[in-house]
Amino acid sequence: MDVRAAVSRAHREEWARVVASLTRRFGDLDIAEEAAAEAFATAVQRWPADGVPPNPGAWLTTTANRKAIDRIRRENKRDDKHREALMVYDAPPESVGAIDDDRLRLIFTCCHPALAMETRVALTLRMVGGLTVPEIARAFLVRETALERRITRAKAKIKAAGIPYRVPSAEDLPTRVSGVLAVLYLVFNEGYLATGPGTDPLRHDLTAEAIRLTRLIRALLPGDGEVAGLLALMLLTQARRTARLSSGGELVALAEQDRGAWDAALIAEGHRLVRERLAASAAGAAPGRYQILAAINAVHTSARDMRDTDWSQILALYDQLVRLDPSPIVALNRAVAVAELDGPQVALAAVDRLQDTLDGYHAYHATRADLLRRLGRGDEARAAYDKAIELAGNTAETAYLTRRRDQLR
Amino acid sequence: MRYLVSVIDDKDNPGSTDRQPAISAFNERLIAEGHWVFAGGLADTDAATVIDNRGEQAVFSDGPFVESKEYLAGVWVWEAPDLDVALKLAAEASKVCDRKIEVRPFL
């Protein structure tokens with residue numbers, strides 16, 4: 001196998017494991033991160049000459065452990081935890097189960113509620129995802145130095161404040177898992193509709209990374225309904241990715257997408273997960289918001305076209321979602337389904353009621369613009385498109401809205 | 001680990017004044033569970049005096065070192081194995097005191 005491919009594959013598959021096991025052993029994220037990075041750098045140097053080791057993960061963990069111990073000796077740390085770590089140096093490797101537990105610990109630590117949301121995102125992508133600081137900085141359009149500082153501060157807080165390195169107790173698990181899912185959903189959404197003029201409108205690196213990490217959580221917590229729901233939601237969204245962007249770099253609305261270009265394998269996997277959760281709901285488990293959103297996307301991806309779509313089913317799911325999350329954004333999305341069932345007039349009335357809270361949100365104006373256009377109210381539609389274009393941060397969406405506005409008679 | 005737990009009140013929107021029995025009961029629990037190190041309510045910030053003796057002679061000035069709408073109304077020192085335990089107790093303390101709580105680790 002090509003050595004470079006072997007290194008990048010090992011990086012994808014082993015980074016989180018290496019960081020996680022070192023963090024548990026040395027009780028220090030900083031040491032774990034640096035030693036893991038050094039071990040991968042050593043692999044890049046050595047594997048071309050020495051060959052790829054039969055078990056790359058074990059090789060990387062051993063090498064990283066040595067690097068960490070070198071650093072601790074160099075800095076002459078006297079911490080009990082470090083002394084203990086040095087003493088257990090020759091302990092036999094842990095079972096796979098223990099290592100997976102470590103990765104879960106790592107995720108919960110990076111997504112701890114005592115850290116700011118943007119810090120959680122950055123830390124998760126760095127420590128669990130293995131993205132470099134420049135990569136994360138580029139993804140979120142922040143300066144590298146600022147991001148580096150944020151990560152350094154977070155590691156210092158974790159240490160100083162005693163944020164524990166463990167899987168939360170059963171009683172705290174549901175809220176803590178939902179905190180982790182919120183981080184992953186945010187990463188996914190930034191890739192799904194990237195903000196800013198200097199970036200690709202769709203960031204497949206971010207959506208793919210979010211899916212990869214959600215798969216990891218799913219493997220670690222297979223019984224959690226919301227984890228399955230979020231994974232299904234991401235897969236069913238990702239399945240449409242090639243159809244979402246025209247060759248001219250314009251966002252393509254659901255009604256106009258070439259459904260033949262949707263990824264059938266991702267849809268099949270997403271539908272399997274949704275069916276699994278429907279069976280659980282039938283058995284009495286109340287679905288959370290990701291499961292409901294996944295079900296809505298399952299209805300869309302089951303339809304041959306807009307007219308074939310089971311809109312009453314979608315509306316029923318939105319009604320269920322409103323009961324869980326009565327936010328104006330959910331109400332806005334519900335109105336889109338109302339337009340298909342009861343017509344644009346009824347939907348517009350529902351949308352207009354949201355003006356106070358959503359006036360600064362581009363999707364509010366884009367939705368209004370589309371409803372006004374369908375009602376033949378051209379001047380008002382144009383004004384709404386103008387407002388949406390002004391507020392939209394995504395270049396492909398701006399292009400789409402501009403074309404729609406210019407097509408108004 | 002040891003944490004300084006600050007009870008924060010708001011001059012414009014003060015918490016209720018009938019919390020003492022609930023706080024006493026909560027303190028009993030902190031003691032029983034081994035978290036209690038110290039607790040004390042503070043007099044009004046008007047009663048504070050700031051001393052600066054870094055120069056030639058000590059300067060005393062009336063009032064707190066910083067004037068703000070939000071101020072420290074009391075403190076605890078807790079012993080807890082980690083931040084999760086401290087945060088859980090702090091969430092209860094906020095209800096018990098009807099005020100905001102800050103948790104900050106000692107070095």
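Trainee: In which sense do strand E1 (residues 2-10) of chain B and E6(B) pair, and over how many bridges?
Mentor: This is a predicted model, where local features need pLDDT of at least 70, side-chain atom pairs count only at pLDDT 80 or more, and totals for chains, interfaces and linings use all residues. Residues are numbered from 1 along each chain as its sequence is written, with chains lettered from A and ligands numbered from 1 in the order in which they are written. Strands (E, at least two residues) and helices (H or I, at least four) are DSSP runs numbered from the N terminus, and two strands pair if DSSP finds at least two bridges between them. E1(B) and E6(B) pair in the antiparallel sense, over six bridges.

Trainee: Which residue in E6(B) is the bridge partner of Tyr3(B)?
Mentor: Strand E6 of chain B covers 100-105 and is an edge strand, pairing on one side only. Within E6(B), the partner of Tyr3(B) is Pro105(B).

Trainee: What is the order of the strands in the open sheet of chain B?
Mentor: The sheet has four strands with antiparallel pairing. One of its edge strands is E2 (36-41) of chain B. The order is E2-E5-E1-E6.

Trainee: Is Asp98(B) buried, partly exposed or exposed?
Mentor: Asp98(B) lies in the loop between H2 and E6 of chain B. A residue is buried with 20 or more other C-beta atoms within 10 Å of its own, exposed with 12 or fewer, and partly exposed in between, C-beta atoms being placed from the backbone. Because Asp98(B) has 16 C-beta neighbours inside 10 Å, it counts as partly exposed.
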